[in-house]
Amino acid sequence: MSVNEAENILKPPSTIQNVLGFGKKLKAAHIPWIPTFILVLLLFCAVFAPMLAPYDPKEADVLKGVQRIGPFESSENLLGVDILGRDLLSRLIHGARISAFISLVSLGFGAVVGTSLGIISGYIGGKTDAFIMRVSDGVMGFPTILLALIIVAIQGGAGIQNVIIAIMATVWARFARQIRGEVLGLKERDFVTLAVVAGVPAHRIMIRHVFPNVINTVLIIISLLVGQTILLEASLSFLGVGVPPGEPAWGIMVAEGRNNLIDLWWLSLIPGLAITIVVIAMNLFGDWMRDTLDPKLRRS
Amino acid sequence: MFRFILIRIVQSIFTLLVLSVVVFFGAEMTGDQALVLATADTTLEELEAIRVNLGLDKPAYVRYGDYLWDAVRGDLGMSGSQRRSVSEMLIERVPATLQLAAAGLLVAMSIGIPLGILAAVKYNTIFDKFAKAFAVIGMSAPQFWVAIMLIFLFGAKWGVLPTFGKGGIDHYVLPAFAISLFIMAGFMRLTRSSMLEVLDSEFVKFARIKGLSERLVIYKHALKNAIIPVLTFGGVSFAGLLNGAIVVEVVFAWPGLGRMMLDSIRQRDTDVILATILVSGLLYIVMSTIVDILYAYVDPRIRFG
């Protein structure tokens with residue numbers, strides 16, 4: 001083997017190449033248009049919420065509240081107003097922002113923590129591996145809402161930051177488990193062995209050689225978990241231990257609507273429907289990503 | 001087998017201890033308990049007296065030891081807001097949650113499994129697609145919202161079922177359905193895929209060739225084999241039921257453990273927070289240990305794996 005060839009084998013697959021390959025695979029597959037459209041719409045609403053929303057989501061208008069404007073009854077407030085006269089459509093759009101923000105940030109942090117631990121666990125092995133896997137098994141089996149409530153209780157109550165930490169605490173284990181399994185396989189591959197022989201230090205192998213090869217899996221796990229994360233955030237907010245009351249989060253809107261269920265039932269119906277539709281879309285989208293990118297993961 | 005059970009029990013006790021340490025010292029860091037009881041005109045001396053009274057002057061690890069020792073003897077402290085012993089409250093609340101969970105499991109199995117069988121038998125028909133859509137919705141719709149919509153339709157609009165608190169059998173219908181929806185979808189999906197697999201196997205084909213009636217083939221030969229993985233899901237689904245219980249109890253004002261926990265978190269009632277979390281953890285750990293042992297009994301590979 002010439003020196004050049006050895007260098008080529010030693011060269012880790014670049015991150016950019018990996019992401020490009022990812023895009024190519026996606027293009028070739030049959031895209032589920034409706035879930036993709038809903039996902040794009042959610043992100044669009046999240047990013048441009050202040051521009052899209054016709055009113056300030058927290059601005060009360062008692063006069064309108066008394067009129068009890070329902071959905072499609074007024075051209076000024078398309079989806080009607082709540083009991084305080086706040087525009088439902090505007091609250092819905094800002095709610096998309098809260099949902100998207102919390103789930104992306106908590107999943108992002110969860111992915112970083114979980115992937116790092118997964119790579120360390122798989123690559124180093126031994127007692128470190130046993131310990132990390134024991135903990136992640138415990139976390140994965142535990143009821144998620146209960147776990148999140150424990151974290152919230154420890155932190156002393158509601159707050160966006162606390163929700164993010166609580167969700168992170170429940171999701172990192174999925175990453176750690178899956179990634180560790182993959183690293184166990186990668187560890188035996190030639191480019192890692194050669195890197196070891198060449199004297200590359202372990203931390204560098206993990207970052208430069210192993211990590212780029214698990215990015216695909218990380219993205220798949222994220223897409224599979226977005227729906228569950230949105231659901232968890234909504235549940236915590238509904239229970240009053242998530243996003244602080246008064247914020248236009250979907251879970252809180254359902255909870256507020258509950259107080260006037262008999263005559264203003266749509267105040268609960270509409271935000272709940274929004275959660276359901278978004279979560280269905282995310283679940284379908286995640287399933288599709290997994291099936292097209294990595295059918296091996298199907299059963300896990 | 002005995003060794004396996006022993007190891008599993010020791011493991012679960014250890015898990016519970018870890019949970020108690022995390023929760024106890026976590027709650028410790030959130031703030032001074034004495035300040036919660038203090039009012040605006042409490043003097044510093046009085047505050048100190050409260051601390052001594054509650055034992056807060058001792059270091060945290062000593063108090064943890066005391067707590068554990070008391071807990072083992074059944075004393076879990078006092079509820080600050082209710083002025084009652086926590087153990088007494090738990091004795092009322094835990095059975096209510098277990099009853100709700102059992103009712104939910106029953107509903108989930110009795111709707112989910114038949115639906116799954118039908119979907120597999122009528123594979124790729126409109127019925128199958130309908131069942132699949134139902135499973136997707138069941139997995140995605142937030143339980144608190146489903147619960148509220150059930151209250152609106154069956155309670156407020158049609159007035160056919162009670163929507164509040166615990167009582168006769170009719171009080172169970174709506175909460176049990178709401179709590180079951182998520183795992184019902186799971187049962188359905190699993191039964192469907194398990195049934196499809198079995199229906200495609202050699203012995204089913206043979207039974208058909210023998211000229212047995214379709215009913216006999218499906219319910220006697222295929223179902224018996226397909227149901228095993230479905231039943232194991234019953235054990236796993238306990239986590240889902242506990243999750244649902246917290247939310248559904250709040251919506252239906254069900255006097256269970258979940259609502260007690262949530263109230264205590266809102267009122268910063270430390271003893272109750274600790275006790276409810278530990279008891280929920282205990283319930284979950286005991287349940288999964290029993291399920292594990294049962295699996296090992298059925299499947300020797302787990303025992304020696």
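User: Which residue with a positive phi follows α4(B)?

Analyst: This is a predicted model, in which local features need pLDDT of at least 70, side-chain atom pairs count only at pLDDT 80 or more, and totals for chains, interfaces and linings use all residues. Residues are numbered from 1 along each chain as its sequence is written, while chains are lettered from A and ligands numbered from 1 in the order in which they are written. Helices (H or I, at least four residues) and strands (E, at least two) are DSSP runs, numbered from the N terminus. The phi of the residue that follows α4(B) is near 90°, and that residue is B:Gly74.

User: How many of the 13 residues of α4(B) are buried?

Analyst: A residue is buried if 20 or more other C-beta atoms lie within 10 Å of its own, exposed if 12 or fewer, and partly exposed in between, with C-beta atoms placed from the backbone. By this criterion α4(B) is hardly covered, and its count of buried residues is one.

User: Which residues touch the most other members of the largest nonpolar core?

Analyst: A nonpolar core is a set of buried Ala, Val, Leu, Ile, Met, Phe, Trp, Tyr and Cys residues joined through C-beta atoms within 7 Å. The largest such core holds 162 residues, and the members that touch the most others are A:Ala148, A:Leu149 and B:Ala147.

User: Which helix gives the largest share of this core?

Analyst: The largest share amounts to 17 residues. These come from a helix of chain B spanning residues 170–199, namely α8.

User: With which residues is B:Ala147 in contact, leaving aside its neighbours within four places in sequence?

Analyst: Two residues are in contact if their C-beta atoms, placed from the backbone, lie within 7 Å. With those neighbours left aside, the partners of B:Ala147 are B:Ala178, B:Val248, B:Val251 and B:Phe252.

User: Which element gives the largest share of the side of chain A that touches chain B?

Analyst: In this interface, 35 residues of chain A are in contact with 34 residues of chain B. The elements giving two or more residues to the side of chain A are α6 (126–141), α7 (144–155), α10 (202–238) and α12 (266–293) of chain A. The largest share, nine residues, comes from α7(A).

User: Which element of chain B has the lowest mean pLDDT?

Analyst: The predictor's confidence in each residue, from 0 to 100, is its pLDDT. Chain B has a mean of 84, and 94% of its residues reach 70 or more. Among its elements, helix α5 (residues 86–121) has the highest mean, 92, whereas the lowest, 62, belongs to helix α14 (residues 300–304) of chain B.
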